[in-house]
Amino acid sequence: MNNAEKIKEYLNDEMLDALAQNGRPFQELMMRYNCAMLEIKTKLDVLNNEFSLENDRNPFEAINCRIKTPQSIVNKMKRKGIEITVENIEKNLNDVAGIRVICSFIDDIYTLCEKLCLQDDITVVEIKDYITKPKPNGYRSLHLILEIPIFLSKEKKPMRVEVQFRTIAMDFWASLEHKLKYKKNIGNAEEISAELKQCAEDINILDMKMQKIHNKIFNLS
Ligand code: 0O2
């Protein structure tokens with residue numbers, strides 16, 4: 001089975017023919033996203049190491065990396081009404097390579113974000129601060145779209161990676177809310193959305209209280 005056939009079998013969607021017929025360019029694009037994601041992940045690991053040594057604690061609870069699945073890429077392109085080609089994926093999607101950083105405290109999120117954005121091989125394409133300005137459903141996270149060059153054997157390519165920073169509590173909330181988004185035929189969806197929104201407010205209060213207690217313990221302002 002060649003690459004195009006493998007992709008076609010896995011994808012099982014007529015809209016994916018274009019990608020399947022372009023098996024090799026699609027694989028190359030995913031390889032480039034993977035390399036960019038590894039570079040940013042290494043930078044975050046370095047910051048985590050340095051911060052841990054200086055402050056005697058890890059600012060990150062977890063770092064998770066993922067490359068968007070072909071099916072999820074196609075769903076998003078369809079949602080945005082974009083023709084599905086390899087070129088259009090690179091041009092229009094910012095979150096094919098994604099890193100989620102889970103922190104204990106909100107202040108750590110902003111400290112680490114600043115340190116990452118100041119690195120001179122990184123270009124900050126966009127910052128969406130859904131912590132200061134939550135989404136109407138209550139979603140909170142700090143999203144960065146970063147561009148980083150990857151050095152291949154014959155060329156240097158700038159690639160985009162989305163980094164999402166959130167607290168443990170925000171992550172707990174987002175994973176439950178994500179289930180509501182993708183579950184079909186929920187009779188009481190409105191009631192659940194209202195409950196989730198209230199939970200998001202409660203979580204925010206909790207995150208701020210935990211930050212204050214932490215600051216008191218360590219005599220931080
Ligand atoms: P999935 O299935 O999680 O991958 P834009 O870049 O402005 O065209 P986009 O991509 O929606 O629009 O940007 P945004 O708002 O930064 O969202 C990017 C990702 O953040 C989403 O990817 C989700 O993973 C997450 N996210 C954003 N809003 C919500 C929300 O309300 N609830 C939850 N649980 N997650 C959210 P995808 O591809 O939309 O979804």
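Mentor: Start with the term. A salt bridge is a side-chain nitrogen of Lys or Arg within 4 Å of a carboxyl oxygen of Asp or Glu. This is a predicted model, where local features need pLDDT of at least 70, side-chain atom pairs count only at pLDDT 80 or more, and totals for chains, interfaces and linings use all residues. Residues are numbered from 1 along each chain as its sequence is written, and side-chain values use heavy atoms, leaving out hydrogens and water.

Trainee: How many salt bridges does the structure hold?

Mentor: It holds 10. One of them joins the side chains of Glu-90 and Arg-32, at 3.0 Å from N to O.

Trainee: Where do Glu-90 and Arg-32 lie in the chain?

Mentor: Helices (H or I, at least four residues) and strands (E, at least two) are DSSP runs, numbered from the N terminus. Glu-90 is in helix α5 (residues 86-92) and Arg-32 in helix α3 (residues 23-55). The two are 58 residues apart, so this pair links distant parts of the chain.

Trainee: Is Arg-32 buried or exposed?

Mentor: Buried means under 20% relative accessible area, exposed over 50%, partly exposed in between (1.4 Å probe, protein chains only). Arg-32, at 13%, counts as buried. Glu-90, at 26%, is partly exposed.

Trainee: Which residue does Lys-43 meet in a salt bridge?

Mentor: Asp-121, at 2.9 Å from N to O. Lys-43 lies in helix α3 and Asp-121 in the loop between α6 (106-117) and β3 (123-129), so the pair ties together parts 78 residues apart in sequence.

Trainee: Which residues share partners in a network?

Mentor: Lys-68 and Asp-95 meet at 3.3 Å, N to O. Shared partners join Lys-68, Lys-76 and Asp-95 into one network.
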